[in-house]
Amino acid sequence: MKGRIILTVLGSDKSGIVAGVSKKLCELKGNIIDITQTIFDGDLFAMIMLVDLADSTLEFDEVKKEFKSIENELSLKIYVQHEDIFKAMHRI
């Protein structure tokens with residue numbers, strides 16, 4: 001896959017979320033360009049990452065599927081969007 005994605009991660013705060021997502025990105029040959037995270041009301045974890053996948057050989061749908069195991073393992077919801085789609089949605 002060529003290009004960049006926006007990865008949004010939501011769930012209850014727990015140890016290992018950033019490590020688990022980052023490890024998966026490393027396996028996919030993704031490079032984290034930017035990252036922001038916060039914890040709302042003491043328990044809701046939210047993280048947004050801008051990731052460059054220029055070195056990955058996977059297609060976009062395959063990248064999305066790769067995060068299902070992390071979602072299940074850490075009880076999270078992970079949204080994967082093309083950067084272009086994300087930008088277009090937020091111009092309206």
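**View 1. Secondary structure of the chain.** Four helices and four strands make up the secondary structure of the chain in this predicted model. From one end of the sequence to the other, these elements follow the pattern β-α-β-β-α-α-β-α.

**View 2. Pairing of β1 with β3.** Strand β1, residues 4–12, is antiparallel to strand β3, residues 44–52. Nine bridges connect the two. Within this pair, Gly11 lies opposite Phe45 of β3.

**View 3. Pairing of β2 with β3.** Strand β2 covers residues 31–40 and runs antiparallel to β3, to which nine bridges join it. Opposite Thr38 in this pairing is Ala46 of β3. Strand β3 therefore has bridges to β1 and to β2, each pairing meeting the requirement of at least two bridges.

**View 4. Hairpin between β2 and β3.** Three residues separate strands β2 and β3 in this hairpin. Asp41 has a positive phi there, near 50°.

View 5. The chain has 92 residues, and 36% of them count as buried. Its accessible surface is about 5,700 Å². Carbon and sulfur atoms contribute 53% of that surface.

**View 6. Contacts by sequence separation.** Among contacts in the chain with a separation of 6 or more, 67% are made by residues 24 or more positions apart.

Technical notes:
Residues numbered from 1 in each chain as written. Predicted model: local features only at pLDDT ≥ 70, side-chain atom pairs only at ≥ 80, totals over all residues. Heavy atoms only, no water. Buried < 20%, exposed > 50% of the residue type's maximum accessible area, 1.4 Å probe, protein only. Contact = heavy atoms within 4.5 Å. Areas by Shrake-Rupley, 256 points an atom, 1.4 Å probe, with all protein chains shown as cover.
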